[in-house]
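Please look over the structure shown here before reading on.

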Amino acid sequence: MALEWYGSKMQQKRVTFLCDNDSVVQGAVDGSKDPKMNEQLIRIWAIAQERKIDMKVEWVSTKRQKADEPSRTIDTREQKMTENGFAYLQSHLAERLEIDVAA
């Protein structure tokens, strides 16, 4: 979604996405056994190629993952999703979703 929303600002730039999940990093590099995941990976790489973004996904230790701390300090009010937001997400992913309150 970052590439879809902000890709024009990254056009013809080098972008490194830091990820603390090695399976995700390996999937981005080698592909995934899950066909739906591969569809998303192909979509991501196609957007990068279309916008001439020199993109890489790099593993980083959880201790150095700058996104982790803010995600752990979000208060409970941010756990609510509007009906419109959920409908948008469901239509964007083109499949029926169930809400996982623990996620």
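Q: Is R43 buried, partly exposed or exposed?
A: This is a predicted model, in which local features need pLDDT of at least 70 and side-chain atom pairs count only at pLDDT 80 or more, while totals for chains, interfaces and linings use all residues. Residues are numbered from 1 along each chain as its sequence is written, and side-chain values use heavy atoms, with hydrogens and water left out. Buried means under 20% relative accessible area and exposed over 50%, with partly exposed in between (1.4 Å probe, protein chains only). The relative accessibility of R43 is 31%, so R43 counts as partly exposed.

Q: Which residue forms a salt bridge with R43?
A: A salt bridge here is a side-chain nitrogen of Lys or Arg within 4 Å of a carboxyl oxygen of Asp or Glu. For R43 the closest N and O atoms of such a pair are 2.3 Å apart, and the partner is E4.

Q: How many residues apart in sequence are the parts that R43 and E4 tie together?
A: Helices (H or I, at least four residues) and strands (E, at least two) are DSSP runs, numbered from the N terminus. R43 lies in helix 3 and E4 in helix 1, so the distance in sequence between the parts they tie together is 39 residues.

Q: Which strands hold D54 and R14?
A: D54 and R14 form a salt bridge, with their closest N and O atoms 3.0 Å apart. D54 has a relative accessible area of 41% and is therefore partly exposed, whereas R14, at 69%, is exposed. The pair ties together parts that are 40 residues apart in sequence, because D54 lies in strand 2 and R14 in strand 1.

Q: How far apart are the closest N and O atoms of K56 and E58?
A: K56 is partly exposed, with a relative accessible area of 43%, and E58 counts as partly exposed at 33% relative accessibility. These two residues form a salt bridge, and the separation of their closest N and O atoms is 3.3 Å.

Q: Which element gives the most to the lining of the largest pocket?
A: On a 1 Å grid over the protein atoms alone, a pocket is an open set of points where a 1.4 Å probe fits, with protein on both sides within 12 Å along at least five of seven lines, and lining residues have an atom within 4 Å of a point. Of the 28 residues that line the largest pocket, the closest to its centre are M1, M37, Q40, L41 and I44. The greatest contribution to this lining, nine residues, comes from helix 3.
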